[in-house]
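I opened the notebook to look up a handful of places in this model, one after another, and to write down what I found at each.

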Amino acid sequence: MIVLGIETSCDDTCAAILKVERKKSPDFDILSNIVSSQIKLHAKYGGVYPFLAKREHQKNLPLVFKKALKNANFFKKNIDLIAVTVGPGLEPCLWTGVNFAKRLAEKIKVPLVPVNHIEAHIFANLVNLKPKIKNQKPKKIIFPAVCLIVSGGHTELILMKKIGSYKILGETRDDAAGECFDKTARILGLGYPGGPAIAAQATILPKATFNKSLKLPRPMIHQKNYDFSFSGLKTAVLYLIQKLKNEKTKEIKNNKKIISLSLYRFLGSWLTSVICAEIQQAIIDVLIHKTLRAAKEHKAKTIILGGGVAANKELRQQLAEIIKRETPSCLFLVPPPQFCIDNAVMVAAAGYFNWLKNKNWKKIEANANLKIGESL
Ligand code: KG4
Ligand code: ZN
């Protein structure tokens, strides 16, 4: 079965074509995977502007779709099923993908299935990647699973009892983990998206010097719930930078050298790296602590990581290490970094499972605030 996935929930315009071998544990083969990123456009503003993003999706989606067909060596008529993200996400952006998918499904007369973006991030873990290893077994989740989905818009801990059965154990009360990376990077003048920028700065620092001189808060880490809050961390960074700036300005004034400097030069590259390493570690500490507690409490057999922030090397490594140490019987699944950030491969995979559940979806509409587990 050939499945086309379409994803336009935020600032990436994505189309992918998957070949699905229909078995009990289906085997997904990626035939093409196109992502057109709007990063350059939004970088100027330090964040995503929904109507600007919608305009770009409208412009790019037909081209991205054509390229996905071309790379798979296919025509429209080869497609058997279309899957499209309906939420959560930015409403105008979601509608662009939904309307495009509806028109195409009608034209080529194939079924269209809606996909929840958060569920798609979980399903990114089920896709085998090329080049395929001979006799590679399809990836499987052993239930129950605890999923940590961390992205620019969401931070959710989810208990997954089987495919399609989800309970949100906790979520962010304010900023998402990715949003915290993005906002603190903006404060530091490091550009958008903040996650990779902060991670890159943090790696400059030798591990030995790391975290000795500076301590940022780990919000809600010891609270007996599974919720998160990252806005306090962002504010702590803001105050820290203001304090450092004032001290430095005083120093410069005393030396009568009043020159305008960029914040980066103002702080010095070493100090910027120390701050970045500590921001990254503060976020990782909270995420790992709560995930592990949830896995232990719910006797999880699999821990799943997904979403853009899951591309973070330190988070992946540290979570893998702690699982090995503290819950060694637990399977750990995380997609390769390019399938953590938004893509349409995960949408096509999730769409296939939705199609197995229901072969005839009627009302397909964008829903910006859609929750995982809520009916589509
Ligand atoms: O899943 P995603 O691509 O889009 C949403 O659904 O929001 O996630 C984007 C987020 C951004 O906030 C970005 O800064 C963050 O993922 N991100 C990272 C890394 N790569 C992307 N955060 C930390 N480390 C990274 N390497
Ligand atoms: Zn996402």
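**Entry 1, Asn312.** I began with Asn312, which I noted as buried because its relative accessible area is 8%, under the 20% cut-off for that word. The model is a predicted one, and I kept that in mind for every value below. Looking up where Asn312 sits, I found it in the loop between strand 9 (302-306) and helix 10 (313-326). Leaving out residues up to four places away in sequence, I listed Phe181, Ala199, Gln280 and Ile284 as the residues that Asn312 touches. I then turned to the polar atoms of the Asn312 side chain: one lies 3.1 Å from the backbone nitrogen of Glu314, and one lies 3.0 Å from a nitrogen atom of ligand 1. I also looked up Met346, 34 residues from Asn312 along the chain, and found that the two C-alpha atoms are separated by 18 Å.

Which residues come nearest to ligand 1? Of the 18 residues around ligand 1, I wrote down Gly152, Asp182, Gly195, Gly308 and Asp342 as the nearest. I went on to the backbone contacts, where a backbone N or O atom of Gly153 lies 3.4 Å from an oxygen atom of ligand 1, while a polar backbone atom of Gly178 is 3.2 Å from an oxygen atom of the ligand. For the ligand taken alone I noted an exposed area of 550 Å², of which the protein buries 89%.

When I checked their accessibility, I found both His117 and His121 buried.

Is Thr155 buried or exposed? I recorded Thr155 as buried, because its relative accessibility is 0%. Thr155 is placed in strand 7 (residues 155-162), and its side chain reaches the backbone nitrogen of Ala177 at 2.8 Å. Setting aside neighbours within four places in sequence, I counted among the contacts of Thr155 the residues Ile149, Val150, Ala176, Ala177, Phe228, Phe230 and Leu287.

Returning to Ile6, I found that, with residues up to four places away in sequence not counted, the residues Ile6 touches include Cys14, Leu61, Ile82, Val84, Phe100, Ala344 and Val347.

The peptide bond from Gly87 to Pro88 is cis, with omega near -5°, and Pro88 lies in the loop between strand 4 (81-87) and helix 3 (91-108). The bond from Tyr192 to Pro193 is also cis, with omega near -5°, and I placed Pro193 in the loop between helix 5 (177-187) and helix 6 (194-204).

Turning to positive phi values, I found Asn73 with phi near 65°, in the loop between helix 2 (50-72) and strand 4. I noted Asn73 as exposed because its relative accessible area is 67%, over the 50% cut-off. Lys299, which is not a glycine either, has a positive phi of about 50° and lies in the loop between helix 9 (269-297) and strand 9. Lys299 also counts as exposed, because its relative accessibility is 64%.

How values were computed. Residues are numbered from 1 along each chain as its sequence is written. Chains are lettered from A and ligands numbered from 1 in the order in which they are written. This is a predicted model: local features need pLDDT of at least 70, side-chain atom pairs count only at pLDDT 80 or more; totals for chains, interfaces and linings use all residues. Side-chain values use heavy atoms; hydrogens and water are left out. Contact means heavy atoms within 4.5 Å. A residue is near a molecule or strand if one of its heavy atoms lies within 4 Å of it. A polar contact is a pair of N or O atoms within 3.5 Å; within protein, one must be able to donate a hydrogen and the other to accept it, and residues adjacent in sequence count only if both atoms are side-chain atoms. Accessible areas come from the Shrake-Rupley method with a 1.4 Å probe; for residues, only the protein chains shown count as cover. Buried means under 20% relative accessible area, exposed over 50%, partly exposed in between (1.4 Å probe, protein chains only). Helices (H or I, at least four residues) and strands (E, at least two) are DSSP runs, numbered from the N terminus.
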